[in-house]
Amino acid sequence: MEHMLLLLIIFIPILSLSNGTETEQDFTWHLKKIPQIVRERTFSLDSPKFEAKTQLELNSVCGIECQRKLPVPSLSDLKSLLSYETVFENGTRTLTEVNVLGAVPDPAANTTTQRPLRKKRQIYGTDSRFSIYDKRFMTNFPFNTAVKISTGCSGILVSPKHVLTAAHCLHNGKDYVKGSKRLRVGLMKTKSRGNGRKRKGAKRSRREISAAKEDPKAATELRRPSKGDGRKQRGSGRKQGTSDGMPSFQWTRVKSTHIPKGWFKGVSGDIALDYDYAVLELKRPHKRKYMELGISPTIKMMPGSMIHFSGFDNDRSGQLVYRFCSISDESNDLFYQYCDAEPGSTGSGIYLRLKEPNKKKWKRKIIAVYSGHQWVDINGEQQDYNVAVRITPLKYAQICFWIHGNDENCTRG
């Protein structure tokens with residue numbers, strides 16, 4: 001029964017098309033011409049200190065009203081904001097300046113719905129999250145694209161060697177966070193036979209020892225019970241159960257990280273959620289199916305205005321957690337929603353399913369990065385939302401450029 005419920009939820013977008021006026025709407029991936037990001041010059045910077053603390057919640061960020069008042073960025077602004085830093089596994093750092101060709105400013109229109117003020121919670125009402133236990137789901141697309149970042153966040157596979165995540169998982173706006181110098185990515189795998197226990201006298205590999213140092217919680221995999229009421233639970237201190245449905249992680253070193261300059265406080269004057277995204281290049285490629293990038297459509301072009309994402313919420317340690325919800329509001333660069341989520345899920349890739357052009361086949365694509373629980377300004381008051389960074393044509397061009405190293409494969413998306 002539980003499996004049938006999950007299948008029903010996953011395919012809600014398709015089922016919703018057969019009911020009401022939505023049958024007349026065009027829920028299709030419309031390919032758009034993408035601006036070009038051209039590398040102009042790269043030069044070395046001093047190595048980071050790697051002393052910042054990871055921030056799980058950001059205050060005083062530019063919210064819905066603030067976003068409306070922002071001027072359309074000039075070409076000079078875009079060149080500065082989309083220039084990027086690269087940090088390599090040996091701790092060295094570079095800055096790459098870029099030029100932007102063929103950029104078309106987004107329209108300033110935003111749709112806004114007045115909502116009542118909410119209490120400070122990241123779980124809204126009844127906890128609607130689903131823990132994925134069945135390995136038939138966990139090890140197959142789309143759930144197997146979710147990964148764990150050693151700094152405590154989540155991410156999503158976007159190529160055989162690249163992971164998309166949130167910039168704040170690596171950098172707090174002033175410096176790189178502790179642990180990001182020796183960054184690792186955990187790819188899910190189900191426990192082997194024998195309940196995940198090693199034979200007596202078996203030695204731990206270097207990779208396992210290194211992963212344990214970077215992320216003790218992931219290495220020991222403690223399991224915390226959840227009562228479903230959305231409140232944080234204290235761990236029992238017992239080792240995680242050895243059910244086949246509980247994932248373990250294969251940890252892979254990160255070769256380099258890319259973060260847009262727009263995220264840094266020195267450029268924007270404050271943390272800019274619009275640029276809360278980063279790409280990690282893995283040292284070794286994986287052989288799993290990954291999820292393609294897509295350009296974020298408007299709410300009206302989404303079946304039921306609904307989005308989906310999976311991550312590793314801290315209050316359900318060792319579990320892959322899936323959720324879906326409708327978007328409440330949007331700006332040109334951000335989605336505002338009340339998807340139930342806890343710290344640990346930030347950096348997850350938000351996706352939806354639309355039809356491929358001229359085909360009956362439906363396809364999932366990543367349209368945003370989950371930034372986390374944020375306080376934003378609305379009508380002169382601070383209101384909380386769970387916020388996601390939309391993949392606009394410019395961000396698509398930059399992320400695609402980071403993945404491929406050129407713009408030849410990034411002309412349309």
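1. A charge sits over a ring if NZ of Lys or CZ of Arg is within 6 Å of the ring centre and within 35 degrees of the ring normal. K289 lies over the face of F141, 4.3 Å from the ring centre. The charged end of K365 sits over the ring of W29, at 5.2 Å from its centre.

2. This is a predicted model: local features need pLDDT of at least 70, side-chain atom pairs count only at pLDDT 80 or more, and totals for chains, interfaces and linings use all residues. Residues are numbered from 1 along each chain as its sequence is written, and side-chain values use heavy atoms, leaving out hydrogens and water.

3. Now S131. S131 is in strand β5, residues 130-132 (strands are DSSP runs of E, at least two residues, numbered from the N terminus). S131 counts as buried at 15% relative accessibility (buried means under 20% relative accessible area, with a 1.4 Å probe and protein chains only).

4. Which residues does S131 touch, not counting those up to four places away in sequence? They are R316, Q319, L320 and V321 (contact means heavy atoms within 4.5 Å).

5. Next, the aromatic rings. The whole structure holds 12 aromatic pairs (rings of Phe, Tyr and Trp, its six-membered ring, with centres within 6.5 Å; planes over 60 degrees apart count as edge-to-face). F143 and Y322 form an edge-to-face pair, 5.5 Å centre to centre, with 85° between the planes. F143 is buried at 3% relative accessible area. Y322 is buried at 0%.

6. F249 and F312 also pair edge-to-face, at 5.2 Å and 75°. Both F249 and F312 are buried.

Definitions and conventions
Helices (H or I, at least four residues) and strands (E, at least two) are DSSP runs, numbered from the N terminus. Buried means under 20% relative accessible area, exposed over 50%, partly exposed in between (1.4 Å probe, protein chains only). Rings of Phe, Tyr and Trp (its six-membered ring) pair if their centres lie within 6.5 Å; planes under 30 degrees apart count as stacked, over 60 as edge-to-face and the rest as tilted.
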